[in-house]
Amino acid sequence: MARVICVTSGKGGAGKTTVTANLGTALACLGQKVCVIDADYGLRNLDIPLGLSSRLNYDISDFMAGRCGLHQVIIPDKRLSNLSFVSCTASADHHEDPGLFRDVVHYIAQNYDYVLIDSPAGIENGFRNASYAADEAIIVTTPNRTALQDADRVIGLLGDLIDSPPQLIVNMSDDPAERDLNLENIVNILNIGLIGVIRMDVDIIRSVARGIPIALDPEQESGRRFRQIAQNLVTNEQETIFSDKPQKKRKRLFSFSKGLRWGQSNSV
């Protein structure tokens, strides 16, 4: 049975969906069999950073309603054979039945090592459904006080929904527009284990636009960071806080293994 993990945040704009796509990709790069499920019924955009928008024919609500088979809902990734994606619909009619969603997620999970659920931000029904279906949770936050206050509230709610203590990913940790506190302050305020830190990186924004997760490229600092977070998750390790200072970025851009390259024709 897979580890079913809800990826959530206290407020929108924390980068939760991008983190979900890249963490799922990084786990697959480590040899894990992974399914990422979009449960953010309001936005429904996990397909964009994965580059799978053109393949969406059915979603998890179609399967729940008996309109299609499970094999028609699960979309294989274009680059990694051990990574799959399940979409949702913006007008789900089962928000009031978290037990049904949980049963379907656990049915899917039988064939995977990891299932990551991209949860809506905040505390509405979509968040509760995603959390109820999960056995673990990851909180994604940016380093400002409003985001931390909302994240702390979500951590409190998760205590009633998930037995395992949540873990933390700090995103955009050195963005001057976001940063109010350093990493040590953040960990002390939220009082949960830190499994990774993602710097502000324009190449992540470009990767989302191109539909090619940056976790595929270990030559990029952000790609290495996502893979380290995946490794921490697999081995149940936590990140040690040494410094908030960003490292110098490599000048080489997007050279992938297996002959995959981000060509100039895809520039933004």
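## A first look at Asn182, Ser9 and helix H1

Asparagine 182 sits in the loop that links strand S7 (167-171) to helix H8 (183-190). Welcome to this predicted model. Besides that loop, this briefing visits serine 9, in the loop between strand S1 (3-8) and H1, and then helix H1 itself, which covers residues 16-29.

**Around asparagine 182**
- A polar atom of the asparagine 182 side chain lies 2.8 Å from the backbone nitrogen of asparagine 185.
- Proline 143 is 39 residues away from asparagine 182 in sequence, yet their C-alpha atoms are 7.2 Å apart in space.

**Around serine 9**
- Serine 9 has a relative accessible area of 1%, so it is buried, which means under 20%.
- The side chain of serine 9 has a polar atom 3.0 Å from the backbone oxygen of lysine 11.
- Setting aside neighbours within four places in sequence, serine 9 is in contact with Ala14, Lys16, Ala121, Gly122, Val140 and Val154.

**Along helix H1**
- Helix H1 has 14 residues and reaches 20 Å from its first C-alpha to its last, close to the 20 Å expected at 1.5 Å a residue.
- Most of H1 is covered, with 12 of its 14 residues buried.
- Among those buried residues are Lys16, Thr17, Val19, Leu23 and Leu27.

Technical notes
Residues numbered from 1 in each chain as written. Predicted model: local features only at pLDDT ≥ 70, side-chain atom pairs only at ≥ 80, totals over all residues. Heavy atoms only, no water. Helix = DSSP H or I, 4+ residues; strand = E, 2+ residues; numbered from the N terminus. Expected span 1.5 Å × (residues − 1). Buried < 20%, exposed > 50% of the residue type's maximum accessible area, 1.4 Å probe, protein only. Polar contact = N/O pair within 3.5 Å; in protein donor to acceptor, adjacent residues only side chain to side chain. Contact = heavy atoms within 4.5 Å.
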